[in-house]
Amino acid sequence: MGAKKEITAYFKNYRYAEDFGKEEDGCALLAAKQAYEVTGEETCFFFMKKYYDAFLTEHGELQNNAADFTAEWVNGSRCLFFLYQETGEEKYRLAAENIMEELHGYPRCECGNFVYRKECLKKVSVDALYMLMPFYMEYETVYGKKEKYGDIITQFENARKRLYDEDRGLCSPVWDEDEKGRREGDGNKFLGTAKFLTALIDTMECMSIEIYEQYRKLQDMFKTILKGALDCSEEISGESGAFIGYCILKACRMGILLKEKYVDTGMEIVEKLAAEQPEMTNAFIMAYAQYLLTKREAEA
């Protein structure tokens with residue numbers, strides 16, 4: 001399975017939106033970062049740099065056509081930490097500071113969780129976790145004092161209580177606080193579960209394991225929700241399947257899952273997707289990067 005040339009071509013030909021932080025662009029940036037880390041292809045690195053340089057001033061101010069700050073802006077800012085580490089250019093650090101300042105004042109629903117959109121003040125959602133929590137955690141770990149770890153863990157616990165169906169083992173994408181229930185018709189439950197798992201694993205990756213009690217809470221939650229997802233193995237395909245494969249392999253590499261029990265499952269999922277994949281997608285590139293890293297570690 002060799003997709004290196006296809007991945008390079010994907011980022012060469014990618015055309016991002018005129019507004020900063022659109023969801024597809026945020027996912028493309030994360031895919032480019034992971035592809036660069038495993039392949040070293042400069043096309044992937046410059047894809048990230050070109051994107052941010054198009055929207056940032058030298059003082060880290062965001063030039064955006066869209067007026068309102070959104071969760072997508074936060075998700076689209078996750079590679080700022082990496083670029084600052086790689087280049088030392090202050091504008092990337094300042095931009096991360098500016099995004100975090102906005103996030104501190106971002107609306108929350110009644111239970112205390114950040115909302116996905118400002119017009120959805122009564123809804124707890126998987127998308128809010130997926131787009132906001134990894135950036136929030138990385139900022140707290142790198143620049144904060146880890147004082148907000150408790151807030152992050154609580155938001156995951158609130159979401160699990162409302163979104164996760166213990167009987168079916170799947171997560172509903174949205175909980176409506178007015179209706180006091182899951183929005184059963186809103187979106188794909190398996191994709192919601194896959195995104196919940198991705199939010200968890202990406203947040204744990206940014207977290208200091210030294211804060212073990214809180215880390216363990218997310219780890220246990222991840223294992224429980226993954227078991228429910230794997231029990232619905234007939235659903236593992238397409239975008240949601242790519243997220244599941246990504247999560248399993250990353251969790252094995254991080255020591256969250258036992259390799260001898262799970263790594264073959266993750267590898268098989270990605271191989272199956274590669275055989276069926278009609279074209280490159282961001283989720284697949286992320287999963288494939290984890291596949292290559294896993295193979296590299298096994299061969300070392």
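Of the 17 residues of helix H7, 13 are buried (under 20% relative accessible area, with exposed meaning over 50% and partly exposed in between, for a 1.4 Å probe and protein chains only), so H7 is largely enclosed by the rest of the structure. The model is a predicted one, in which local features need pLDDT of at least 70 and side-chain atom pairs count only at pLDDT 80 or more, while totals for chains, interfaces and linings use all residues. Residues are numbered from 1 along each chain as its sequence is written, and side-chain values use heavy atoms, with hydrogens and water left out.

Helices are DSSP runs (H or I, at least four residues) numbered from the N terminus. H7 covers residues 126–142 and reaches 24 Å from its first C-alpha to its last. This span is close to the 24 Å expected at 1.5 Å a residue, where the expected value is 1.5 Å times one less than the number of residues. The helix bends by about 35° at Leu 132, the bend being the angle between axes fitted to the seven residues ending at a position and the seven starting there.

In soluble globular proteins, nonpolar side chains tend to be buried together.

Phe 156 is buried, with a relative accessible area of 0%. Contacts are assigned to heavy atoms within 4.5 Å. When residues up to four places away in sequence are not counted, Phe 156 touches Leu 129, Met 133, Phe 196, Ala 199, Leu 200, Thr 203, Leu 218 and Met 221. Phe 196 likewise counts as buried, at 0% relative accessibility.

A pair of aromatic rings is described by the distance of the centres and the angle of the planes. The structure holds 26 aromatic pairs, defined for rings of Phe, Tyr and Trp (its six-membered ring) with centres within 6.5 Å; planes under 30 degrees apart count as stacked, over 60 as edge-to-face and the rest as tilted. The rings of Tyr 51 and Tyr 52 have centres 5.5 Å apart and planes at 85°, so this pair is edge-to-face. Both of these tyrosines, Tyr 51 and Tyr 52, are buried. For Phe 156 and Phe 196, the ring centres are 6.2 Å apart and the planes lie at 55°, so the pair is tilted. Phe 156 belongs to helix H8 (residues 149–163) and Phe 196 to helix H9 (residues 189–205), so the pair ties together parts that are 40 residues apart in sequence. One aromatic cluster is formed by Tyr 16, Phe 20, Tyr 51, Tyr 52, Phe 55, Phe 69, Trp 73, Tyr 106, Phe 114 and Tyr 136.

Charged groups also sit over rings (NZ of Lys or CZ of Arg within 6 Å of the ring centre and within 35 degrees of the ring normal). The charged end of Lys 33 is placed over the ring of Phe 82, 5.3 Å from its centre, and that of Lys 195 over the ring of Tyr 130, 5.0 Å from its centre.

In helix H5 (residues 80–87), the buried residues are Leu 80, Phe 81, Phe 82 and Leu 83. These residues pack against helix H2 (23–39), helix H3 (42–55), H6 and H7. Gly 88, whose phi is positive, near 75°, follows H5. Tyr 92 is located in helix H6 (residues 90–104) and, at 0% relative accessibility, counts as buried. The C-alpha atoms of Tyr 92 and Phe 81, eleven residues apart along the chain, are separated by 7.1 Å. Leaving aside neighbours within four places in sequence, the contacts of Tyr 92 include Lys 49, Tyr 52, Leu 80 and Leu 83.

Lys 146 lies in the loop between H7 and H8 and counts as partly exposed, at 30% relative accessibility. Its phi is near 65°, a positive value in a residue other than glycine. Most residues other than glycine have a negative phi. Within H8, Asp 151 is partly exposed at 21% relative accessibility. Asp 151 is in contact with Arg 108 and Tyr 136, leaving aside neighbours within four places in sequence.

Key:
Helices (H or I, at least four residues) and strands (E, at least two) are DSSP runs, numbered from the N terminus.
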